[in-house]
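Please look at the sequence and the model, then read on.

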Amino acid sequence: MTNSTDFVVLLIGRLYGKIQEREPLPTIISALLVHRFFQKYEPQSPGIFAFLLLVFPAVVSGVLRNGASSILWPLLRTYTIFYTSLISSVVLYRLSPFHPLAKYPGPVLAKISKLWFARLGWQGKQHIHYRDLHKKYGDVVRVGPNEIMLSDPSVIAPLLGPAGWGKGSYWHARALHAPVVALSAVNDHAEHAQRRRTWTRGFSPAALKDYEEIVKERVVQLTETLSARKSVDLARLFAFFAHDVMNDMAFGGGSEMLRDGDLTGHWALVESGMRIFTLIGHLPWLSRFIMLIPGSTNDLDNMRKACFERAIARKKKGTKQKDLFYYLSDELGAEKDEIPFEIIINDGDLVVIAGSDTTKTVLSSLFFYLLCNPEKLAKLREEIDGFYPPGETLSSKHFQEMSYLDACINEALRLSPAVPSGSQRDVGPDPDPSKGRTFGSYYFPEGTAVSIHTFTLHRDSRNFSPFTDEFWPERWLIAQGSMELPNSIPKAEFVHDTTAFIPFSYGPANCVGKPLAILELRMTTVSIIQNLDLKFEDWYARTWEDDLDDRFVLMTGQLPVVFSNRW
Ligand code: HEM
């Protein structure tokens, strides 16, 4: 070592000694530095967390240099000072006028930490809480230290449209950092557009025509099952139906829940996983820690393994009917490069996850609202009987003409949107500093997570009125001019703003499966009502809406229904 190096080492040693003498100052400063570091770099690695929150304060304060006999109390003292300083610094900053989101109103606890909403998410009623917050604070609410929830339709296009922002951190964390990012979580616009190409082909009108037979086979099976069983939890049967259809689409089969029930416990696993995913969505950093717990990702790994096996089987088997796998794996040969197998599996996995619960929730809600409103059910039956009298073969040929069917489906999607709390976007770097990151009349700085609250939009009397919280399919017919507004309702009272209707989201990353979902909703409703009479079980207290839990997708309670054959 040279003399100058000796000198520097000596100097640092002296300074370090001096700093230690002045405890608690170095501990407080280290807490402030750690806060700044987290703020600037948002580290996610558990190793960095451990270093900054455990090792760093102990080293800086010099406690570790003390003798072994005296280390416990000084260490406790150091950590107490460190964490008190760190928490105070974080809380003061987040509540201060210096925070970039300071001007937006919201509950104090939400501004301080996401833990508050993580708790609400765990409990399941966050869609109701968000709506209450909008009622209290207005269209823009700060729902986390760096997070905004909106209920203003004018922001939909700027935020979710082609010039909007990519998917938020919520999406990444939910995937538990899978080796391949699912299409639904791809943040970069160009990459997203490229990955979505095969999906767009797979949902073209021509492709959809080919799927009709696949969906019809399952719809017939469902109707026969309901006819044979008489008394069922309809929500559960819809779940099994939707799951089987999605596996038929994604892997050419492999699931027979309608026939066998949830033999493998797969469905129970998906439902229980939703709670933990909601928690992780609010606290993305938690995902890294969860992954460290031995066995914590076993269920997810098993699901991926099952998808892998189904994909292999489907690839070997080939297909006579063009299914979604045909397009997603590019059996068509339209892509320049071969699609990597990991992406094919991941996409198949996404089909099952994105298409099962959502469709089941909307179908179940639709039947709940119809059964609560016998006169609407009778009107729908009249329309269905007109196009598909008893005995008429099921097909899609009259769907376009069935305006009351579509009005009923839209009304169920309005009242119980399957994804009630919207799909988060992350405000990225400023593309044009002269304009700033403005969305309509709002400005959000880089790093803000922003969502639009679908449930609030759909149940806001400024967007849909009258009977905002009621099932009134007629509003859709009146709005399109095929029905007169009843005399009892003053013209000025009728509001119908379809720009505020976004059950499938909006823009280039909206629900790509919408055409298939609509086909399933129409075909299932027609088949059941064409063939069966139905009523609630006498004991059912109609608690449907109270039983709904927002776990990103609305999870449902029971829907006990009794069926009898019509003919
Ligand atoms: C009634 C049923 C359904 C509803 C209400 C629904 C709703 C949604 C919503 C709100 C999103 C978020 C879009 C965004 O981030 O902006 C989404 C995404 C998605 N949905 Fe659906 N969905 C339904 C059925 C389906 C079906 C049957 C499929 C079939 C595969 C599907 C596939 C997807 C995919 C792949 C995405 C990600 C799209 C992307 O990021 O580009 N969904 N859906």
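## The shell around the ligand

The shell around the ligand has 17 nonpolar, 9 polar and 4 charged residues. Nonpolar here covers Ala, Val, Leu, Ile, Met, Phe, Trp, Tyr, Cys and Pro; charged covers Asp, Glu, Lys and Arg; the others, Gly among them, count as polar. The model is predicted: local features need pLDDT of at least 70 and side-chain atom pairs pLDDT 80 or more, while totals for chains, interfaces and linings use all residues. Residues are numbered from 1 along each chain as its sequence is written, and side-chain values use heavy atoms, without hydrogens or water.

Helices α10 (189-202), α18 (341-372) and α23 (514-531) each supply at least two residues of this shell. The largest share, 7 residues, comes from α18. Helices (H or I, at least four residues) and strands (E, at least two) are DSSP runs, numbered from the N terminus.

## Contacts with the ligand

Of the 30 residues around the ligand, the nearest are K167, H192, S423, S505 and C511. A residue is near a molecule or strand if one of its heavy atoms lies within 4 Å of it.

Polar contacts are pairs of N or O atoms within 3.5 Å; within protein, one must be able to donate a hydrogen and the other to accept it, and residues adjacent in sequence count only if both atoms are side-chain atoms. A side-chain N or O atom of K167 is 2.7 Å from a ligand oxygen atom. For H192, a polar side-chain atom lies 2.7 Å from an oxygen atom of the ligand. A509 uses a backbone N or O atom, 3.1 Å from a ligand oxygen atom.

## The sheet

An open, mixed sheet is formed by 4 strands in the order β1-β2-β7-β4. Because β1 (140-144) and β4 (425-426) stand at the edges with a single partner strand each, one side of each has no neighbour in the sheet. Strands pair if DSSP finds at least two bridges between them.

β4 runs antiparallel to β7 (residues 449-452), joined by 2 bridges. In this pair, R425 stands opposite V450 in β7.
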